Amino acid sequence: ESRAYGRSVAEVFAEVAEAIAAAEDELGRLDAVAGDGDHGRGMLRGVRAAAEAARGTVDGGGGVASVLGAAGDAWAARAGGTSGVLWGAALRSAGEQLGDERSPLGTAEVRAAVWAAIETVQGLGGAEPGDKTLLDALMPFHDALDTAAGSGTPLGAAWQQAAEVADRAADATAGLRPRIGRARPLAERSVGTPDPGAVSLALCLRTVATAFER
Ligand code: ADP
Ligand code: MG
Ligand code: MG
């Protein structure tokens, strides 16, 4: 059963890679406003490598933790850039929190895994909420999952609600000034444009949400 879970996780990675491919140019444009313009390309390289690693790990009999760990390592190795390192480590941490044995997963387990990812991102990158990074979408996503867990909302519905929250939060980063990362020197230029890492994260979360609809 845990293997079946690993398999669906690997399939979702492939769908996320397709969504990022469709958004590659737009993510690059967002990153070019105050950053170096490589975010679409980096995300695509990372998520494609992750999808391939996930597939290989499932075929080797791995569960969710193994799949997410291998996917994260591949993402970090192949994406290049800050977001790739953070995404890679975040996926590995989330997987370790979930473990290979615990399935099916519920809202509370997934919330805890998202929290582990947040701690890893903050530990590596030192960003705080409001610094205009992907954390400004990931934290509201976590908080929405937390609320849903508290009211007993099943995982599929909880993820969908939280992904919508993350989407709105990513849009709202347009009003922020970057206080960390490559966009910081051109912070003023960035005002009015959402953070590329927050936008791509929200897109990934929404794509995963569609997988829960099936
Ligand atoms: P790079 O900035 O190295 O070119 P990318 O363009 O792929 O990497 O990613 C940029 C995104 O990474 C930003 O939009 C932001 O969301 C995220 N980011 C950058 N620095 C940090 C950090 N210290 N903590 C969290 N996220 C960060
Ligand atoms: Mg960049
Ligand atoms: Mg770069």
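Analyst: What follows works through the labels for this predicted model, from the overall fold to single residues.

User: What makes up the secondary structure of the chain?

Analyst: The chain has nine helices and zero strands. Read from the N terminus, its elements run α-α-α-α-α-α-α-α-α.

User: What share of the contacts comes from residues 24 or more positions apart?

Analyst: They make up 69% of the contacts that have a separation of 6 or more.

User: What makes the largest nonpolar core, and which residues have the most contacts inside it?

Analyst: A nonpolar core joins buried nonpolar residues through C-beta atoms within 7 Å. The largest such set here has 66 residues, and A54, A71, F141 and A166 have the most contacts inside it. Helices that each supply at least two residues of this core include α1 (2-34), α3 (64-79), α6 (135-150) and α7 (155-172). The top contributor is α3, with 10 residues.

User: Which residues does A54 touch beyond its neighbours within four places in sequence?

Analyst: A54 is in contact with V9, A10, F13, V67, A70 and A71.

User: How do you know that the span of α9 agrees with a helix?

Analyst: The 17 residues of α9 should span 24 Å at 1.5 Å a residue. The end C-alpha atoms of α9 are 25 Å apart, which agrees.

User: Why is α9 called largely enclosed by the rest of the structure?

Analyst: Count its buried residues. A residue is buried if 20 or more other C-beta atoms lie within 10 Å of its own. In α9, 12 of the 17 residues are buried, so the helix is largely enclosed. Among them are P196, G197, V199, L203 and T207.

User: How does α5 compare with its expected span?

Analyst: α5 has 19 residues and reaches 27 Å from its first C-alpha to its last, close to the 27 Å expected. Its buried residues include V110, R111, V114 and V121. The buried residues of α5 pack against α4, α6 and α7. Just after α5, G126 takes a positive phi of about 70°.

User: Why is K132 called buried?

Analyst: The cut-off is 20 or more other C-beta atoms within 10 Å. K132 has 28, so K132 is buried. K132 lies in the loop between α5 and α6. K132 also has a positive phi of about 70°, although K132 is not a glycine.

User: What makes up the shell around ligand 1, and which residues are closest?

Analyst: The shell has 24 residues, the closest being G81, S83, G125, G181 and G197. By type, the shell divides into eight nonpolar, 11 polar and five charged residues.

Conventions:
Residues numbered from 1 in each chain as written. Chains lettered and ligands numbered in written order. Predicted model: local features only at pLDDT ≥ 70, side-chain atom pairs only at ≥ 80, totals over all residues. Near = placed C-beta within 6 Å. Nonpolar A, V, L, I, M, F, W, Y, C, P; charged D, E, K, R; others polar. Helix = DSSP H or I, 4+ residues; strand = E, 2+ residues; numbered from the N terminus. Expected span 1.5 Å × (residues − 1). Contact = placed C-beta atoms within 7 Å.
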